[in-house]
Amino acid sequence: MTRSTMPRRIFARTLSVVAAMTVALVAAPLAGTAQAYSATSGTLSFSGDPGEPISGGQSYEYAAGAVQMFDVGGSRDENSLAVAIDSDQGTLWRLIIAAPDGQKLTEGTTYTGTKKWPYAQPGDPELEFAGIDNGTEKGCNTNSGSFTIEHIAFGPYGYVRELDVTFEQYCNGSTVPLRGAVHAVMPEPPAELAMTMNTDPIGTANVKNGQITVGGTVTCNKPASVSLTGQVFQILKKGTPGASYETTVACTPGAPVPWSVKLTSQDPGISFQPGTATMRSRAQADDRDYPVTVNTGQQESEVTLSKA
């Protein structure tokens, strides 16, 4: 099923510290967002003066390739993004930023007056940086701050290709800021799913049991689980036999993948017969890399049912 863009507050809540920092942060693919991918190169650095609660007055830096995870994921509407760093067991950091509702994150823009979910209003940008440092939870109940998008490049459906952002966060009313920066270059975005469906112009009809066999092929440019649905009906002098079908095809690229279904009229009093029938078919599949469902739309064609 096609999913609409996730509201940025839900996006923030899902990746943020939950239950007021009483449980660990979790990084997971989100509906409405492009799947997060590991950076091919990048760094997260942050520091604060003594008295700053998250940094503890220390400086930190993590580099892609030297940590267990350095992932970046963006929302489909390019309104928000999240950076997830897992350094080792018991140490992880999450940065969440979002433009005001209805706006895209824009290169060269400084967003001031940020708040964290659920305190941000529709016109507020959002910022939250929190984590766990050697098993100790580090986060803010409330915060304020700003961030600057120095450079950003998006791919399909909010896929973040490149990112340079600096941020400043004041935690729980503190006047001592935490300052940080993320620089990341991601792999080339995966291809968007392309799919076609064809129906065979010839089928078979078994006059003994009234069962027909119809089918076709599906093609795709990358692996996908394709759901096929449709109806077959036939106009005869004594009535109109018809049947619906639903099947799934594991589509792989390289060559058309055949599919077929065996059907019996849903009206037990009248059976399919050799001759011409009408077939309506539709194919759809979720793109495994992006929050989108590809749909061929309904296709109608004639099928000649030959005697089995």
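This is a predicted model: local features need pLDDT of at least 70, side-chain atom pairs count only at pLDDT 80 or more; totals for chains, interfaces and linings use all residues.
Residues are numbered from 1 along each chain as its sequence is written, and side-chain values use heavy atoms, with hydrogens and water left out.

**View 1. The disulfides of the structure and their pairing.** The structure holds 2 disulfides, a disulfide being a pair of cysteine sulfur atoms within 2.5 Å. When the bonded cysteines of the chain are numbered in sequence order, the pairing reads 1-2, 3-4.

**View 2. The disulfide between C140 and C171.** The S to S distance of this link is 2.0 Å. The angle about the S-S bond is -130°, and the link of C140 and C171 is left-handed. Helices (H or I, at least four residues) and strands (E, at least two) are DSSP runs, numbered from the N terminus. C140 is buried, at 3% relative accessibility, and C171 is buried with a relative accessible area of 2%. Here, buried means under 20% relative accessible area, exposed means over 50%, and partly exposed lies in between (1.4 Å probe, protein chains only).

**View 3. The disulfide between C220 and C251.** The sulfur atoms of C220 and C251 are 2.1 Å apart. This link is left-handed, with -115° about the S-S bond. Because C220 lies in strand 15 (residues 212-220) and C251 in strand 17 (residues 242-251), the pair ties together parts that are 31 residues apart in sequence. C220 has a relative accessible area of 11% and is buried; C251 also counts as buried, at 2% relative accessibility.

View 4. Two strands pair if DSSP finds at least two bridges between them.

**View 5. The pairing of strand 8 with strand 9.** Strand 8 (residues 126-133) pairs with strand 9 in the antiparallel sense over 3 bridges. In one of the contacts to strand 9, I132 has E137 as its bridge partner.
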